[in-house]
Amino acid sequence: QYHVDILCALGPMPTAEDWKARGLQSYGLIAARGDKSVAIMLEKVDHDSATKQLSQLGGVECVGPSVGSFSLSSAFLAALDGAFAVELGAKRGKMDSDPHMWMPMTCGREDYARLMVSKGLFDEAGASAHHDRVTRIIAAFPVDSDGLGGMFGAVNVGTDFSWWDYGQVKLFYRNSMLLTEDSEDSQLARSFWSVPEKGRTVGGAEALGACVVDSASVVSGTTAASGSVSASMVCGVATSELRADGAVLVNVCARRVVAAKGAIVYNVVDSSEEGVVVGENEVRVGVFTPSAERPYFEMRSHMLDVDGGKAFKEKVCGNAFSFQEVYDMNHGVDVRACAAIGRRVFQARAELLKK
């Protein structure tokens, strides 16, 4: 029916308290009419801003977050390909679907400019010019092409569904730990990830030596000689001593790994005698690069003390770089090459630990 279908979880307008509890300020908001056409799309706004925008609209029957999936008709995809041919040809610049397409499609020019300026994505002139550009694209597009009759529609999955978002540190932890819990949602997650309900140590308990693992923890592809694991999600760890309590460990190789409740250790290869020791809510991540000058470095954060969005351009927790600087470094980097380097370093360190 529509040239753009966007998946969303629609229902009544949440209260301010529910909005905050569900973290809706971190997602795109969809407001839909009775025919499921999208009246407006707002990207990551607070409850007050959303309420003000919705009060100006008529015919809105339900609202809710976009859940990060959309589809396009072939005709509209071709139109966008032509409209942005200069940027695509030069392979320069960056645009995101929510603020750069769906919002100018559904917001008025002045409202759009004000919101973009408040987010620091454009100055007022730039936002107005981009809104005009998108308006021209939509005005020139034949809505009845491909046998369709509408431009932008909502596909509602309802509010009672499983949604496992890994795009923020706190959500990565929460939804990784979901595998260790006892609920309908956790059972669905284990089924999706092929984790057995009984015997959640996958890959053979014999590889864990004297390391004791409780019944809640999920342990996969891991080798250890001693230690204990309780209420943790552990995947791809190679160590002599493993102690994890309420932690998430992924692709970690060190002589000793000790992680307290709320800790995340990801993609870390450590060659020290002390090994990897992280306290409650600490985050430690390894970054492999193809650079001979900087083949590997680590970034640290804290689940409670650091808001990565607000501190994106700051150097936190003693890091040599800000998150923005790491993001910039990775422009044009071959991710597969980095992964291959990481695997080689991990395997070499794991072999040394066996000796």
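Biologist: Why is Glu197 called partly exposed?

Modeller: Its relative accessible area is 40%, and the term covers values between buried (under 20%) and exposed (over 50%), with a 1.4 Å probe and protein chains only; Glu197 is therefore partly exposed. This is a predicted model, in which local features need pLDDT of at least 70 and side-chain atom pairs pLDDT 80 or more, while totals for chains, interfaces and linings use all residues. Residues are numbered from 1 along each chain as its sequence is written, and side-chain values use heavy atoms, without hydrogens and water.

Biologist: What makes Arg190 and Glu197 a salt bridge?

Modeller: Their closest N and O atoms are 2.8 Å apart. A salt bridge requires a side-chain nitrogen of Lys or Arg within 4 Å of a carboxyl oxygen of Asp or Glu, so the pair qualifies. Arg190 has a relative accessibility of 1% and is therefore buried.

Biologist: How do you know that Arg284 and Asp270 form a salt bridge, and which parts does the pair tie together?

Modeller: Arg284 lies in strand β16 (residues 282-288) and Asp270 in the loop between β14 (264-269) and β15, so parts 14 residues apart in sequence are tied together; strands here are DSSP runs (E) of at least two residues, and helices (H or I) of at least four. Arg284, at 6% relative accessibility, is buried, as is Asp270 at 8%. Salt bridges with shared partners join Asp270, Arg284, Glu298 and Arg300 into one network.

Biologist: Is Asn175 buried or exposed, and what is it in contact with?

Modeller: Asn175, in helix α8, has 8% relative accessibility and is therefore buried. Apart from neighbours within four places in sequence, its contacts (heavy atoms within 4.5 Å) are Trp163, Trp164, Asp165 and Tyr166. A polar atom of the Asn175 side chain lies 2.7 Å from the backbone oxygen of Asp165. The C-alpha atoms of Asn175 and Asp165 are 7.0 Å apart, although 10 residues separate them along the chain.

Biologist: Why is Tyr166 called partly exposed?

Modeller: Tyr166 has a relative accessible area of 31%, so the value falls in the intermediate class. Its place is in the loop between β5 (150-156) and α8 (169-177).

Note on methods
Polar contact = N/O pair within 3.5 Å; in protein donor to acceptor, adjacent residues only side chain to side chain.
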